[in-house]
Amino acid sequence: LETDGSSSVKQEVLLVSGLPGSGKSSLVNELIAQLRSNGWESLHCKFDQIRRRQPLSTIASAFSRLFSSLIGTESDCAGGSDENDTLRDIRAHLLKTFDEESFSILFHLIPDLRRVVSNDYNSVDVQQMEYDEFDHGNLGFDESTVVASKIKVHNLFYEILKAISSSRIIPIVLFLDDLHWADSASLELITFLINAMGANITTDSATAVRGTNVLIIGTVRINEVENSSDMTEFLEKIRGCYNVTVTDMALQDLSPSDINGMISESLCYSQRLT
């Protein structure tokens, strides 16, 4: 996410792949711990087989947890601290960006957002836009309505991510854990966000300017990717996004000598004794 003043700045996406148990999530969590110690914020989306039946719920929950954390931080702070200033900045950006209709949709998807903005919006009627509305297999909605709703929600998520990250000097890491379990609606949203973040990097003279300050990291099981047409299509799409660089990191299984080295180091014995 560092800029060097050149116009070659791109949206960065890191994909960590490997077999189950190879340490993908542990590696990324260690990286995020280091980033957080330097002031980064994180959005952790942990996909699983059960919640994939609730489209977008994992991503929405990650935003809700972040807002809840920010509210808790504000409650714990006294005076005009940086944390209070940050939340006030985010609140101002949100109120400037969204109208009542947009807020009503977002309040339904991200309940804790209501607590971030002022009490003025407590009376807004939440539109009954269930997650199932974004399910291709739902025959209860007119196709044109579903498409329009998806476009609307995709733009709302991008704008809320932009409002959060562009209001801060410190960037955000969006961790998409176990992407192979993501529902198709979430994959569509992620593709849209990556494409929008790349497309909104603008160049003013010799300086590149980001619309958002977000690093995206995803973990995938390589065997699940090979067996999923949705994941294959998703990866092809994000690799083709404008102004986006996708970096692949493949984790290999530990060899017997690697394991022996770890044991010997832990026990303070030479490797020939372990």
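Reader: Is His 180 buried or exposed?

Author: His 180 is buried, at 5% relative accessibility. Buried means under 20% relative accessible area, exposed means over 50%, and partly exposed lies in between (1.4 Å probe, protein chains only). This is a predicted model: local features need pLDDT of at least 70, side-chain atom pairs count only at pLDDT 80 or more, and totals for chains, interfaces and linings use all residues. Residues are numbered from 1 along each chain as its sequence is written, and side-chain values use heavy atoms, with hydrogens and water left out.

Reader: Where is His 180 found?

Author: His 180 sits in the loop between E3 and helix H7 (184–199). Helices (H or I, at least four residues) and strands (E, at least two) are DSSP runs, numbered from the N terminus.

Reader: And what does His 180 touch?

Author: Setting aside residues up to four places away in sequence, His 180 touches Arg 52, Thr 219, Val 220, Arg 221, Glu 224 and Met 231. A contact means heavy atoms within 4.5 Å. Take Thr 219: it is 39 residues from His 180 along the chain, and their C-alpha atoms are separated by 8.1 Å.

Reader: What about contacts across the chain: what share comes from residues 24 or more positions apart?

Author: The share is 73%, counted among contacts with a separation of 6 or more.

Reader: Zoom out. How many helices and strands are there?

Author: The chain has ten helices and seven strands. Of its 274 residues, 46% are buried.

Reader: Let's pick a helix. How many residues has H1?

Author: H1 has 14 residues, 24–37. From first C-alpha to last, H1 reaches 20 Å, close to the 20 Å expected at 1.5 Å a residue. That expected span is 1.5 Å times one less than the number of residues.

Reader: Which residues of H1 are buried?

Author: Lys 24, Ser 25, Val 28, Ile 32 and Leu 35. Seen down the axis of H1, these buried residues fall within an arc of 80°, so they line one face of the helix. The arc is that of the directions from the helix axis to the C-beta atoms.

Reader: Why can residues spaced along a helix point the same way?

Author: An α-helix has 3.6 residues a turn, so residues three or four places apart point the same way.

Reader: What do the buried residues of H1 pack against?

Author: They pack against four strands: E1 (11–18), E2 (41–46), E3 (172–177) and E6 (214–221). On the other side of H1, Ser 26, Glu 30 and Ser 37 are exposed. Just after H1, Gly 39 takes a positive phi of about 100°.

Reader: Switching to charges. How many salt bridges does the structure hold?

Author: Seven. A salt bridge is a side-chain nitrogen of Lys or Arg within 4 Å of a carboxyl oxygen of Asp or Glu.

Reader: Which residue forms a salt bridge with Lys 46?

Author: Asp 177 does, with the closest N and O atoms 3.3 Å apart. Lys 46 lies in strand E2 and Asp 177 in strand E3, so the pair ties together parts that are 131 residues apart in sequence. Lys 46 is partly exposed at 39%, while Asp 177 is buried at 2%. Lys 46, Asp 177 and Asp 178 are linked in a network of salt bridges.

Reader: What else touches Lys 46? I was eyeing Thr 58.

Author: Thr 58 is in contact with Lys 46, and also with Cys 45, Phe 47 and Arg 51, leaving aside neighbours within four places in sequence. Thr 58 belongs to helix H2 (residues 57–76) and is buried at 4% relative accessibility.

Reader: How far apart are the N and O atoms of Glu 41 and Arg 36?

Author: The closest N and O atoms are 3.6 Å apart, in a salt bridge. Glu 41 is buried at 14%, and Arg 36 is partly exposed at 43%.

Reader: Next, H4. How many of its residues are buried?

Author: Seven of the ten residues of helix H4 (residues 100–109) are buried, so H4 is largely enclosed by the rest of the structure. Among them are Phe 103, Ile 105 and Phe 107.
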